[in-house]
Amino acid sequence: PPTLRLVLDLLKPHDPESPVLADRVAGLDGIEGVNAVLLEADKRVENIKLTVEGSDVDPAEVEELLTGLGCSVHSVDEVACGGRLVEESPTPQDFHT
């Protein structure tokens, strides 16, 4: 089944800027939209949450492009596969502090 959503925690240099990075990822085959959110920045790097959605996202191709742009994938925080997107459902554990 195809990958429809991929959410990555990235460490990236300041160059390329986030809009350029998102545009490059959005240009890959099978990708219909990209959202890049700045989580933290310091003098040398930025921590970005990158959400990629499409009809057939290729996680290996996305990671290869990001690595080529100087990014490091810290973690894959979400993956959605199949014939449709299924959103996360809250469970009782989510409400415990």
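Leu 21, Arg 24 and Val 25 in helix H1 touch Val 62, Leu 65 and Leu 66 in helix H2, where contact means heavy atoms within 4.5 Å. Sorted by type, the residues of this contact are 5 nonpolar, no polar and 1 charged; Ala, Val, Leu, Ile, Met, Phe, Trp, Tyr, Cys and Pro count as nonpolar, Asp, Glu, Lys and Arg as charged, and the others, Gly among them, as polar.

This is a predicted model, in which local features need pLDDT of at least 70 and side-chain atom pairs pLDDT 80 or more, while totals for chains, interfaces and linings use all residues. Residues are numbered from 1 along each chain as its sequence is written, and side-chain values use heavy atoms, without hydrogens and water.

Let's step back to the whole chain. It has 2 helices and 4 strands, running β-α-β-β-α-β from the N terminus. Helices (H or I, at least four residues) and strands (E, at least two) are DSSP runs, numbered from the N terminus. H1 covers residues 18-26 and H2 residues 59-68; the two pack at about 145 degrees with axes 10 Å apart. Here axes are lines fitted to C-alpha atoms, for helices over the stretch in contact, and angles run from 0 to 180 degrees between N-to-C directions.

| Residue | Relative accessible area | Class |
|---|---|---|
| Cys 71 | 7% | buried |
| Cys 81 | 43% | partly exposed |

Buried means under 20% relative accessible area, exposed over 50%, and partly exposed in between (1.4 Å probe, protein chains only). Of the 97 residues in the chain, 32% are buried.
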